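Welcome! Please take a first look at the sequence and the 3D structure shown here, and keep both beside you as you read this report.

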Amino acid sequence: MKRTVPLMIVMVGGILMILQYFIPHQISQTVFAYYTDWTPIIVAFALVLGVGSLTRIHSHKIRRKAKNWQYSYAVLIPLFGMPVLAHIWPVSLSGGMESPSIFHFTFMHVQVSIQATMFSLLAFYIASAAFRAFRAKSALATVLLLSAVVVMLGQVPIGELLGRWLPETGLWILRYPNLAAKRAIMLGVGFGMLATNLKIIFGVERNWLGGTGK
Amino acid sequence: MYETIGIWVGALFTLAIYSFLYKENPIYRLAEHLVVGISAGYGMAITYQITVKPRLIDPLLSGDHWILLIPGILGILYITRFIPRISWLSRYPIGFYMGTSMGVYFPLTMKANVLRQLEGAMVPLYQSGMAWYEVTGNIIMILGTLAALIYFFFSKPHKGLFFGTGSKIGIWVIMVGFGATFGFTVMGRISLLIGRIQYLLGDWLHVIE
Amino acid sequence: MNIWGKMLNIDRRWIFLGIGVVSIVPFFINFGMPVRTTREVESIYEYVDELGSDNAIFISFDFAPGTQAENMPMSVAVMRHAFYNDVPVFMTANYPLHHGMMLAAMDYVFNPTTEGFYEDVDFEDWRELREAGVTAKDELVEAWENQGNQLPDGATGWVFEGRDYAALGYAPVFSLVILGLTVSIETQYPVDAHGNSTGEMPMLQEHKSLREVDLALTSSGSGACVWWVTFAREKIGLPIAFGLTAVMATDYFPYLQSGQVIGQMGGLRGAAEYEVLLAENGITPSTDKAFVGMDVQSAAHLLIILLIVMGNIAFFAGGFHKKTLLKGGR
């Protein structure tokens, strides 16, 4: 019941879904329609796991007064505040999740600003890294460096002013040698995914059972 | 008024994050934690509104879609993860999702990432009207793909004409590809900074258009 | 330590300052350097331009706020292009935060402060006309204006919720949702992001599933773009267009060459190209944020290349290539 049945569900479900792809019979289409209808509903509940874990970790931190425990309130208050503002107590100008509302405001002006700025910090760090670490130490590193410089210049308008050959060469690198490298990686990843799919379906890969799998 | 307050709040948080460039500080840490809380809370609210309520709760309450109890119960089994004694029950919905999605992915992944790619690699090297750089490009694309694949093939030692030379050419092709990726990564990171500068100087301070 | 060593160990905050300066100054000088379009972007533009009110497209907002600077301009550009040609637009999102980005894009396109904005008519506001069977765009606009509604100054046109766009938003396990959309849009989204019943929407009555849709643009900062290829292109042959962050763009050239996607906008540059095409063809009054940002992009790229060159000169001239360790700077 605890191990065998879930493994059976995986195997039967996996094989059924592979078969339905190759047998587009009315019955298999109906099963597929039910499947695509139901699965998002089932998986929606998985969000509760994430929220539960987050709550547990941060409430634990607050209880134990661990290092920087005060910041855990900054996680927990919006975590539960957002759904409350959206559905239970929509303190807003026009209600709930619509704009303008506190819910929409918090997302647009707090979440978006913070997240967009955090990502933009990387511009500074990549410049610093380029200065400190991007060295033509070997022939291969030089090729990497040259390819990067040509593509960087080719992608911006100033590259065009420096010479038409720059954007043309940049595009050529992207369309041919870059494509070759990325296709090889894509094929490798593709084969890897197929192997993993089969390993999960046939119960060779069981990490998803979690814990000791008892 | 609503917009103005919003832009001021956004600008202050933007500056709070940039303060990290000088030194790690409590305002940055606060913002960092807020992001986690808001995104999870936002996720809960949206998931309930778009999926759980209209696709499960409303039809069940209307009384004529009892069959939806099946996905509903399977979904609720996820939550047993928090009750150690019956936590194994959560393996049922996980198993259902894992198995079926692997089955769905298998043929389509095979088609999109393997068969179509092999097909794409089989192009005529030359056709009338092609410029020399396109012909050269096609040769590099085909041989380069093969060489890069050889480089990633670890079941044989990289020695001899085929595996040895092939893998050497492969790593050169891969380096050109990674160089291009680095160039684009720089472009991407700068773009994100541009977005914030436009927000600060345009939306907030109105000194640029 | 010699001068080269000192140079390599410079406080990184000086580099940060340099990046800050080159990212701000070009906005004030405003060179407006031309952006040449490439076939990767032109192909998307030409495809969308061929569509009309009988067609429909999907724009999937598959990016988080972190990459909005790149993804938002391309999504907005295609959305405006579709609205201009009266092509109905279905909008989806593959993750809750991406749902917010979809709403932000609508806020921008419908905001009167945006040059060439579209005037949005809420689903409820034109119920009467809908129930009277007036759903064809030309007739609808005429009937709506006959009711005393006037297009605001500066607006490009009306867009009717449910006829010109449906903000479907986020649904869990989006890869399977795409598959589900190939069966029925209404089953996956019984209501839209504003709580409207999608079954009542004229555009859903005309386009019941992805099989009756002509294009899906995935504006993506995540792996969701691959799902569109795998689950929509390979399952039912739906044409797909990519709008990708620059970081991802180089990875997906194989899909372009194999014909699995019709075109690709890569990063801010790709978005700027689309903006140029829209402005050149009179679809928008002028180019937008992506194009404006390209001057800064030029300046910043030059600075970074200069930093790489200087770093290498210092490294080799200082003889550090012979040493194993170099003290790291702050």
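## How to read the model

Helices (H or I, at least four residues) and strands (E, at least two) are DSSP runs, numbered from the N terminus. With that in hand, chain C has 15 helices and eight strands.

This is a predicted model, in which local features need pLDDT of at least 70, side-chain atom pairs count only at pLDDT 80 or more, and totals for chains, interfaces and linings use all residues. Residues are numbered from 1 along each chain as its sequence is written, while chains are lettered from A and ligands numbered from 1 in the order in which they are written. The term pLDDT is the predictor's confidence in each residue, from 0 to 100. For chain C its mean is 94, and 98% of the residues reach 70 or more. For the complex, the predictor gives an ipTM of 0.92 and a pTM of 0.94.

## Chain A: helices in a row

Chain A has nine helices and zero strands, and its pattern along the sequence reads α-α-α-α-α-α-α-α-α. Its C-alpha atoms fill a box of roughly 65 × 55 × 40 Å, taken along the principal axes. The radius of gyration (taken over C-alpha atoms) has a globule rule of 2.2 Å times the number of residues to the power 0.38. A compact globule of 214 residues would be near 17 Å, but chain A has 26 Å.

A residue is buried if 20 or more other C-beta atoms lie within 10 Å of its own, exposed if 12 or fewer, and partly exposed in between, with C-beta atoms placed from the backbone. Two residues are in contact if their C-beta atoms, placed from the backbone, lie within 7 Å. In chain A, 45% of the 214 residues count as buried. Of the contacts in chain A between residues at least 6 apart in sequence, 23% join residues at least 24 apart.

## The two sides of chain A

How many residues of chain A are in contact with chain B? There are 103 of them, meeting 95 residues of chain B. H5(A) gives the largest share of this side, 21 residues. Nonpolar means Ala, Val, Leu, Ile, Met, Phe, Trp, Tyr, Cys and Pro, charged means Asp, Glu, Lys and Arg, and the others, Gly among them, are polar. By that count, the side of chain A that touches chain B divides into 78 nonpolar, 21 polar and four charged residues.

Turning to chain C, 46 residues of chain A are in contact with 48 residues of chain C. The largest share of this side of chain A, 15 residues, again comes from H5(A). The residues of chain A that touch chain C divide into 29 nonpolar, eight polar and nine charged.

## Chain C and its helix H11

The C-alpha trace of chain C spans about 85 × 45 × 35 Å along its principal axes. Chain C is divided into domain 1 (1–30 + 295–330) and domain 2 (35–287), with bounds that come from an automatic or database domain assignment. The C-alpha centres of these two domains of chain C lie 41 Å apart. Buried residues make up 58% of the 330 residues in chain C. Among contacts in chain C with a separation of 6 or more, residues 24 or more positions apart account for 74%.

Now find helix H11 (residues 224–236) of chain C. Why is H11(C) largely enclosed by the rest of the structure? It is because 11 of its 13 residues are buried, among them C:Trp227, C:Trp228 and C:Phe231. Their cover includes helix H4 (91–120) of chain B, and also strand E1 (57–62) and helix H8 (174–181) of chain C. Just after H11(C), C:Gly237 takes a positive phi of about 75°.

## Residues to look up

C:Gly154 sits in the loop between helix H7 (137–146) and strand E4 (157–160) of chain C. With 13 other C-beta atoms within 10 Å, C:Gly154 is partly exposed. Not counting residues up to four places away in sequence, C:Gly154 touches C:Pro112 and C:Phe117.

Is C:Asn30 buried or exposed? C:Asn30 is exposed, with 11 other C-beta atoms within 10 Å, and it has a positive phi of about 55° although it is not a glycine. B:His206, in the segment after helix H6 (160–204) of chain B, has a phi near 60°, a positive value in a residue other than glycine. B:His206 is exposed too, with 9 other C-beta atoms within 10 Å.

Methods:
Expected span 1.5 Å × (residues − 1).
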